[in-house]
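Here is a briefing on one protein model. Topics run from overall layout to single residues.

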Amino acid sequence: MSYRLLLSLCFSFSMFANEVTVSATSLELGGNVFEAGNVLDGKRQTRWSSRFEDNQILLIEFKNPLPAEKLTIIWENAYASEYMVSITEDNKKCYAVYGTIDKNTNAQDEIKLDRKYKIKQLKIDCLKRATVYCFSIFEILFDDKSFEGTIISKIDPSLK
Ligand SMILES: [Ca+2]
């Protein structure tokens, strides 16, 4: 393969590769071990974990909108008994797509959306903890698939 061809292949790959920023209002003590981006890294053993307080937010922002009509949230034992999920497609209109006030098991939640969304932002408002510990999510899937691309993790206590 010629150097020029390789270069153009790399260039076109980078044009299509997606990038995501995952922000959380807090992390459990232990810092980066529990960073927010762990919910999209495709590994079932890594997780985001908040500090041990109610009302935490996880915000996922895709550089290129990700089309999906089903979300799967894989909770750790420390799940949310009350939480809400919302989506924006164009950073303007916000769609509340799911909410529960009586989740009583850490079983994964499979959320079928009412249509296919071009997800620009996905926000999970974790309102009430099921345990005295944190909110913790192993992985989030889109149409049963893991995200593929670059992941940036952030802590942003000012998220609303
Ligand atoms: Ca993970």
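Helices (H or I, at least four residues) and strands (E, at least two) are DSSP runs, numbered from the N terminus. The model is predicted: local features need pLDDT of at least 70, side-chain atom pairs count only at pLDDT 80 or more, and totals for chains, interfaces and linings use all residues. Residue numbers start from 1 along each chain as its sequence is written.

**Overall layout**

- The protein has one helix and eight strands.
- Along the sequence, the pattern reads α-β-β-β-β-β-β-β-β.
- Of the 160 residues, 31% count as buried. A residue is buried if 20 or more other C-beta atoms lie within 10 Å of its own, exposed if 12 or fewer, and partly exposed in between; the C-beta atoms are placed from the backbone.
- Among contacts between residues at least 6 apart in sequence, 78% join residues at least 24 apart. Two residues are in contact if their C-beta atoms, placed from the backbone, lie within 7 Å.

**Strand pairing**

- Two strands pair if DSSP finds at least two bridges between them.
- E3 and E6 run antiparallel and are joined by 13 bridges.
- Glu-82 has Lys-128 in E6 as its bridge partner.
- E1 and strand E8 (residues 149-155) run parallel, with seven bridges joining them. Val-22 has its bridge partner, Ser-153, in E8.
- E1 is also joined to E3, by five bridges, and these two run antiparallel. Leu-58 in E3 stands opposite Ala-24.

**Nonpolar core**

- A nonpolar core is a set of buried Ala, Val, Leu, Ile, Met, Phe, Trp, Tyr and Cys residues joined through C-beta atoms within 7 Å.
- The largest one holds 35 residues, and the members that touch the most others are Val-22, Val-39, Leu-40, Trp-48, Leu-58 and Cys-126.
- At least two core residues come from each of strand E1 (18-24), strand E3 (56-75), strand E4 (80-88), strand E6 (109-129) and strand E7 (136-142).
- E3 supplies the largest share, eight residues.
- Which residues does Trp-48 touch, not counting residues up to four places away in sequence? They are Ala-24, Phe-34, Glu-35, Ala-36, Asn-38, Val-39, Leu-58, Ser-136 and Ile-137.

**Loop between E7 and E8**

- Asp-143 lies in the loop between E7 and E8. Its phi is positive, about 50 degrees, although Asp-143 is not a glycine.
- Asp-143 counts as partly exposed because it has 13 C-beta neighbours inside 10 Å.
- Asp-144 lies in the loop between E7 and E8. Phi of Asp-144 is near 70 degrees, a positive value in a residue other than glycine.
- Asp-144 has 10 C-beta neighbours inside 10 Å, so it counts as exposed.

**Other loop positions**

- Asp-41 sits in the loop between E1 and strand E2 (48-49).
- Is Asp-41 exposed, partly exposed or buried? Asp-41 counts as partly exposed because 18 C-beta neighbours lie inside 10 Å.
- Leaving out residues up to four places away in sequence, Asp-41 touches Thr-46 and Ile-151.
- Asp-41 and Phe-138 are 97 residues apart along the chain, and their C-alpha atoms are separated by 9.2 Å.
- Glu-53 belongs to the loop between E2 and E3. Glu-53 is exposed because it has 12 other C-beta atoms within 10 Å.
- A C-alpha separation of 9.8 Å divides Glu-53 from Glu-28, which is 25 residues away along the chain.

**A position in E5**

- Ala-96 is placed in strand E5 (residues 94-100).
- In a regular strand, side chains alternate between the two faces of the sheet.
- Ala-96 counts as exposed because it has 11 C-beta neighbours inside 10 Å.
- Apart from neighbours within four places in sequence, Ala-96 is in contact with Met-84 and Ser-86.
- Ala-96 and Met-84 are twelve residues apart along the chain, with their C-alpha atoms separated by 7.5 Å.
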